[in-house]
Amino acid sequence: NSSDLRPSFLLATVPGLEAAQSWLAVLLCCAYLLALTGNAAVLLVVRLEPSLHAPMYLFLCMLAAIDLALSSCTVPRVLSFYWFGSREIGFGACLLQMFLIHSLSAVESTVLLAMAVDRYVAICHPLRHAAVLTNGAAAKIGLAAVARGVLFFLPLPLLLVPLPFCGSRALSHSFCLHQDVMNLACANTTPSVVYGLTAILLVMGLDAVLICLSYLLILRAVLRLAAWRERLKVFSTCIAHICVVLAFYVPLIGLSVVHRFGRDLAPLVRVTMGNIYILVPSVLNPIIYGVRTKQIQRGILSLIHVSDR
């Protein structure tokens, strides 16, 4: 039956809190608006301030654009479910959302790696920084990040298209993820399992290893400096990026652990981890860079003063 191959899925409710979903939606909406405002402010500040047209801030703009896209492809659909009860999501819409979530996450991981390399070159090879990391090079890295995310994660929905879904169609998250949808198929999913794990290891896993390697080299260079005050001053330029890396990878690892080993966990844990994975980086990234970067602070304050006038 062709209808079995093209089912609709049911988004997960918040277990035990179904009656309070409208209030949870208000909190989710506030977090989404904060993410939109913060990331849009970063983009606008860098766009309007010529002194910020440098690779470091171009990477920050890429990060803000990714966070805007990632939150916007999930949160509005979740809000419509919480407020209006439209729990059902079509097969095609689910696969598209799944592809966007995974590919955008891969792009963000690549940009975080590029930012780590930028910090490494700036600290360990400062005289070569301007020549190696130009605006043109940053733009090419951005395009390569997008191509990498699309090429690695486009096969995920394609591998699910021919599978039959003849049992439960209730997802364990409020949006579509590959592992979640794949578990509902009533057929052999070994190719999807193998490819999904391989793609994550070759993209997010490899990026995480290279980011750690970059910071080990940075730490070695910093420890060679004679004065502690100078060491702290140099390493403080990396604090914002380290916080952003943790805000991205900790929820990602937590969600992966929940999927791989947390089958006996309460459904509330899965729903909560999924929402944290989608929203926490988008909300925290502009706040972190706004607090730690004086140029971004001044730009945002100038925007506020202009709007007050």
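The largest nonpolar core of this predicted model has 83 residues, and among them F9 and L112 touch the most other members. A nonpolar core here is a set of buried Ala, Val, Leu, Ile, Met, Phe, Trp, Tyr and Cys residues joined through side-chain atoms within 4.5 Å, where buried means under 20% relative accessible area with a 1.4 Å probe and protein chains only. The largest share of this core, 15 residues, comes from helix α5, residues 91–124; helices are DSSP runs of H or I with at least four residues, numbered from the N terminus. Leaving aside neighbours within four places in sequence, L112 is in contact (heavy atoms within 4.5 Å) with L63, I211, H241, V244, V245, F248 and Y249.

Two sentences on how to read these values follow. Residues are numbered from 1 along each chain as its sequence is written, and side-chain values use heavy atoms, with hydrogens and water left out. Local features need pLDDT of at least 70 and side-chain atom pairs count only at pLDDT 80 or more, whereas totals for chains, interfaces and linings use all residues.

On a 1 Å grid over the protein atoms alone, a cavity is a set of points where a 1.4 Å probe fits but cannot get out, while a pocket is an open set with protein on both sides within 12 Å along at least five of seven lines, and lining residues have an atom within 4 Å of a point. The largest pocket holds about 470 Å³ of space, a volume being the space filled by probe spheres set on grid points that are joined across faces, edges and corners. Its lining has 22 residues, of which I200, L252, L255, S256 and R260 lie nearest the centre, and the elements giving two or more residues to this lining are α5, α9 (178–182), α10 (190–223) and α12 (239–261).

The second largest pocket has about 280 Å³ of space, and of the 14 residues that line this pocket, L24, L28, Y82, T272 and N275 are the closest to its centre. Helix α13 (267–292) is one of the elements that give two or more residues to this lining, and with seven residues α13 provides the largest share.

Finally, a search of the whole structure finds two cavities of 30 Å³ or more. The largest cavity, with about 70 Å³ of space, has H241 and M115 among its lining residues, and α5 gives the most to that lining, with three residues. In the second largest cavity lies about 40 Å³ of space, and its lining includes L28 and N275.

Methods. Buried means under 20% relative accessible area, exposed over 50%, partly exposed in between (1.4 Å probe, protein chains only).
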